[in-house]
Amino acid sequence: MPDNKKFFENLSGAGKAIAVLTSGGDAQGMNAAVRAVVRMGIYVGAKVYFIHEGYQGMVDGGENIKEANWESVSSMLQVGGTVIGSARCKDFRTREGRLKAAHNLVQKGITNLCVIGGDGSLTGANLFREEWSGLLAELLQQGLIDEEATQKYSALHIVGMVGSIDNDFCGTDMTIGTDSALHRIIEVVDAIMTTAQSHQRTFVLEVMGRHCGYLALVSALACGADWVLIPEMPPEDGWEEKMCQKLSATRSRGSRLNIIIVAEGAIDRHGKAITSSIVKDLVVRCLGFDTRVTILGHVQRGGTPSAFDRILASRMGVEAVLALLETTANTPACVVSLCGNQSVRLPLMECVQMTQEVQKAMDEKRFEDAVQLRGRSFQNNLKTYKLLAHRKPASELPVSNFNVAVLNVGAPAAGMNAAVRSAVRVGISEGHKMFAVNDGFEGFSKGQIKEVNWADVGGWTGQGGSLLGTKRTLPAKHLDKIAEQMRKYNINALLVIGGFEAYLAIMDLLAARGTYEELCVPMVMVPATVSNNVPGSDLSIGADTALNAITDTCDRIKQSASGTKRRVFIIETMGGYCGYLASVGGLAAGADAAYIYEEPFDIRDLQSNVEHLTEKMKTSIQRGLILRNENSNENYTTDFIYQLYSEEGRGVFDCRKNVLGHMQQGGAPSPFDRNFGTKISAKAMQWISKKLNESYRRGRVFANTDDSACLLGMRRRALVFQPVVQLKNETDFVHRIPKEQWWLKLRPLMKILAKYKTSYDVSDSGQMEHVVLNRSKASGATAAI
């Protein structure tokens, strides 16, 4: 990391003025982005201004453009919507309106704009930038500004962040607000499913997405809906009969409910609207099912932002400030985007033009092109949904004669069941016989193995924990019995879903191949652990649900102190020796510090944190939040830190502590974990099918190469299969963590946003790319969904 001196030389914002505005429709997480822009801007020495009510406030000027300070953005991280207001502005569409806006900005000395909004808002910002010199010349001619101001403020710099729940902007995997909107939808669907089951009802849910079916598609994938209707891919003619056959078949297999999800912009092949009421009437008329319609409406825009949206918005906000500081007069307006697990910068108008191409393709009924233009991630979602929701007739299935076993190993993690469902259904679609193993390798050794069919895993997606049962037992002690069961059931491949124990288990099995020929089969591990401590993958199934549990609890704990005296909360998180939950949870919850094993600390650091909080409490900010990973230090325990803070803060603030414990492992999986589990497991099964065909020789499967025992993980921008033997050198086996962890680069963000002076490594900050070359949606992976 660079030292502070280098940091300030490279990133000084002294003498610069940055304004931030939110425009168009609101989205959860916008406040987190505003907070990050304000605090990062102040941190580098720039003046930062709020522009209230979007472009309307810029045109009207006056009190709508106010300088922000550090405290201005306190307690807004967890608030939905946008506290600085948003409005659709007709005036800004006229040159006269933009002239007024330019005058108002010049009066404040503002030449750097951070615009948070959709493609319309960002297009308007780019037009404003292109007209800027002409607008200044006109203001000079009218005598409203002088020659010096024209020279001093000659260039306007624009950076955009996409805030839209629809996720309809090309060039970024996820827009700010999308994940939170999915949370709202899934909360409703989960609630509706219980009442639908009670009364054997069919529910038709209408979700937002006038021109984009992302919310409908991903929520259908996340809840295992029977049918989904989206504008990008209208159903073929005769869809009505096919849908009714599908609903009827689901009921005949014992299901007591049906869920149909309709995007508000859904159309048929001829451009005719398909509304939720049309779908309901069709089901009632053709099947006679008791059917209800629920239109979610603006519920999807409301509520507190998810952990993902807070982290995304905070990262994008800081990146936007860095982009503004590095921009020159010749730099095109850019948009800060998410690609896989990385932030990138893309030319704003390239993204806008690509987004407009999607709509053009839909208008011209080139629906295949529209899906393709949405990006590979959208295509993969659609392909995966079709694969899992629509069972092919037995006559159309390939005949492989392979038996594949799937099991959970290690501690439970939300999303494991979605991964098992996906594996079973993809395996059946590939022609395999699928076997489920109860209680991990312990159950395997005891023969707790049974064949599972398509219907057996129905409704599993939204279930928390592990329905198969999971144990931490490693196979090394039971190899004889495991080999015997492999032989008995003729198991040709293994899919292991779990945490660090699953990683160790694959290594045990690999090492035993020389002794047990039965273990010479393809085997793949999918990471699933709340700790997110598996080498070879940036993310694990279950970690997002745990982060949301931490964030929600921290919100409530902080709120409990509102209106009371100054108070600091010490919160202990899970994770073993891995500080992911404490660090990233701290960023999402707005923590002042997070103590972790990977970043050693001593009594001087603790004292410095106490002094920092004492200074903070002298302002209008009256609450502090400290997170501590459970194994961060054997001596500086949660009790010790609580007692130290209580003593040192005496007379300034009091202290409370809370150990979150196993609530981080429980609960229904988040939309992210449902979809990540579904997609990564589907990819793992497709790899197994490929390996089975490659290793089938002389009437049997024999696979003993290193690349036949892999871990499937997300690395930066892609899902990658990695032989486990290659991961040994990347692993700290004593502390059960990877030697290098990407999220450590996020820790300075948390410190900066908490007003600590720290160094910030900008070597990994987004570089300008081109949307046509960018593969943010082409990797098949996404840190998003």
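The model is predicted, so local features are used at pLDDT of at least 70 and side-chain atom pairs at pLDDT 80 or more, while totals for chains, interfaces and linings use all residues. Residues are numbered from 1 along each chain as its sequence is written, and side-chain values use heavy atoms, leaving out hydrogens and water.

**Aromatic rings**

A pair of aromatic rings is described by the distance of the centres and the angle of the planes. Rings of Phe, Tyr and Trp (its six-membered ring) pair if their centres lie within 6.5 Å; planes under 30 degrees apart count as stacked, over 60 as edge-to-face and the rest as tilted. The structure holds 17 aromatic pairs, and here are two of them.

| Pair | Centre to centre | Angle between planes | Type |
|---|---|---|---|
| Tyr 577 and Tyr 597 | 5.2 Å | 75° | edge-to-face |
| Tyr 580 and Trp 743 | 6.2 Å | 75° | edge-to-face |

Where do these rings sit in the chain? Helices (H or I, at least four residues) and strands (E, at least two) are DSSP runs, numbered from the N terminus. Tyr 577 is in the loop between strand 18 (567-573) and helix 20 (580-589), and Tyr 597 is in the loop between strand 19 (593-595) and helix 21 (603-616), so their pair ties together parts that are 20 residues apart in sequence. Tyr 580 belongs to helix 20 and Trp 743 to the loop between strand 27 (737-738) and helix 25 (747-753), so this pair ties together parts that are 163 residues apart in sequence.

Tyr 580 is buried at 4%, and Trp 743 is buried at 1%.

Elsewhere, Tyr 55, Phe 92, Phe 128 and Trp 132 form one aromatic cluster.

**Helix 13**

Now let us turn to a helix. In helix 13 (residues 367-374), the residues Phe 367, Ala 370, Val 371 and Arg 374 are buried. Seen down the helix axis, these buried residues fall within an arc of 95° (taken from the directions from the axis to the C-beta atoms), so they line one face of helix 13. An α-helix has 3.6 residues a turn, so residues three or four places apart point the same way. On the other side of helix 13, Glu 368 and Gln 372 are exposed. Just after helix 13, Gly 375 takes a positive phi of about 115°.

Terms used:
Buried < 20%, exposed > 50% of the residue type's maximum accessible area, 1.4 Å probe, protein only.
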